[in-house]
Amino acid sequence: MITKRIPNIALLLLLVLSFSCSKTEENVPLTTPTAEITVDKLVRKASLRNQEIPFKIINEAGVDVTALATFYVDGEPIDGSIFSSSTIGEFEVYGVYMEDGVEITTNTEPFSVIIPKRKVVIEDYTGTWCGFCPRVAGAISDLHEITDDITVVAIHETANSFPDPMHFDQVQLLKDIFGVEGFPAARVNRSNNWPMPHPISDVTSMAGLDTNLSIALNSELTGNELLVQVNVVYEEGSVQGDKLVVYLIENGIIYGQVNYYNQDTTSPFYNMGDPIPDFEHNEVLRKSLSSLLGDTIPSTEALNEYITSFTINLPSEYVRDNLSVVAMVVDSNNEAKNSQYAHIEEDKPYQ
C-alpha cells in the first residue's frame, strides 16, 4: 500500500444555506437562492459546545469523498464525519481515504469549541456640526483600547443649514424608535441610554461575558457587488420575536468636525481646532442590508445554524478597504442580545 500526503488538497465546508431576500427602506438586496459562500476548509473555524461539527472532503476532481474517509480529531479516529464536544478548547482534524489504490491524507485543520461571548452594541448619534459630539467619539476610542467585545455604529444626521456628508437617510426613524431627541446621544445595545460622562464601566461590565447565541460573518466582493453571509446559532433555540439587523459601515472618513472642547484643557480634543479640520470619522453607518430594524429570525432549533445572505452593489464613493459589516440579533423590543462585526472579505467565525 502506498501512503501519500497531499498538502494542497482542496477541502471545502459546503453549507446548506437558508437564504432570505430582504427589502429595506433604502435598497433591495440582490440575493438569489443559489448564492453561497464556500469556505476552503475541512471544518468551520468555531462551533458551540455540543453542536454538531460536520467534516467534508472534496477531492481535487471536485468529487465529495467524505463517505470514504476516516476522520481523526486530535489524532484519534471518530465514527462517521460528525463530531461534537461538551468541552471548550482547541482541536485539530484531518481525514484519510483511498483513491485509486493510494491512501490520501489531508492537511490538518484547527477548529475551536467555544462558549459565545457578548459583543456590546454602541450607537453614536452624531453630526459634523455638533460641537459636543466629539466626547462620545472619545469615549468609544477609550473603549477600543480596552476591549474588542464591542460593535460600534455611528449614525450621522444633517441639521438644518449644516450639512453632513455622512447623513444617514433613515436617521429620523431610528431616533423616533430609540427616543433620541438631541445630539450627542449614545445608546448601548440599541435601547439603553449611555449618559454623560459615558462611563466605560457601563459597557465593560457586559462586554465579553458568556452568552447563549453567536454570530459569524463572511463576505465576498466581486467587482462592485458585495455578498454578505450571516450565520446565527443559539444554544437553546431561537426566541420568538428575535430579528437580525445587518449594516454596512465605513471607517477612516476625513471631514471637519465642530469642536466645543477646543478650549477645554481637560478634553482630549483640547487645542485641536474648532472645527477640527481633519477629523477621522469611524464606524459610519452607510447602508442597512436587512430591514432597518431587522428581519425576523425563523424558528431554529438549539445548536442548528440559521444562515442568510444579502447582496448589495457598492456606491463608487465608498472606500472598499475601509468597509465593514455589522450584524446584531435583537429581541422583540429591539434590544441587542449579541453582535458581530467583520471587515468585508473577512471570514469571522463564531466567538
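Start in this predicted model with helix H1 and what its buried residues pack against: strand S10 (120-126), strand S11 (150-156), strand S12 (185-188) and helix H3 (201-204). Select residues 134-146 to show H1 itself, a run of 13 residues. From its first C-alpha to its last, H1 reaches 19 Å, close to the 18 Å expected at 1.5 Å a residue.

Now colour the buried residues of H1: Pro134, Val136, Gly138, Ala139, Ile140 and Leu143. In an α-helix, residues three or four places apart point the same way, because there are 3.6 residues a turn.

Next, select Ser85, in the loop between strand S6 (82-83) and strand S7 (89-99). Is Ser85 buried or exposed? Its relative accessible area is 10%, under the 20% cut-off, so Ser85 counts as buried. Show the side chain of Ser85 and the backbone of Thr87: a polar atom of that side chain lies 3.0 Å from the backbone oxygen of Thr87.

The last stop is Thr308, in strand S21 (residues 305-313). Thr308 counts as buried because its relative accessibility is 1%. To finish, select Ile297 as well and draw a line between the two C-alpha atoms: Thr308 and Ile297 are eleven residues apart along the chain, and these atoms are separated by 9.6 Å.

Conventions: Residues numbered from 1 in each chain as written. Predicted model: local features only at pLDDT ≥ 70, side-chain atom pairs only at ≥ 80, totals over all residues. Heavy atoms only, no water. Helix = DSSP H or I, 4+ residues; strand = E, 2+ residues; numbered from the N terminus. Expected span 1.5 Å × (residues − 1). Buried < 20%, exposed > 50% of the residue type's maximum accessible area, 1.4 Å probe, protein only. Contact = heavy atoms within 4.5 Å. Polar contact = N/O pair within 3.5 Å; in protein donor to acceptor, adjacent residues only side chain to side chain.
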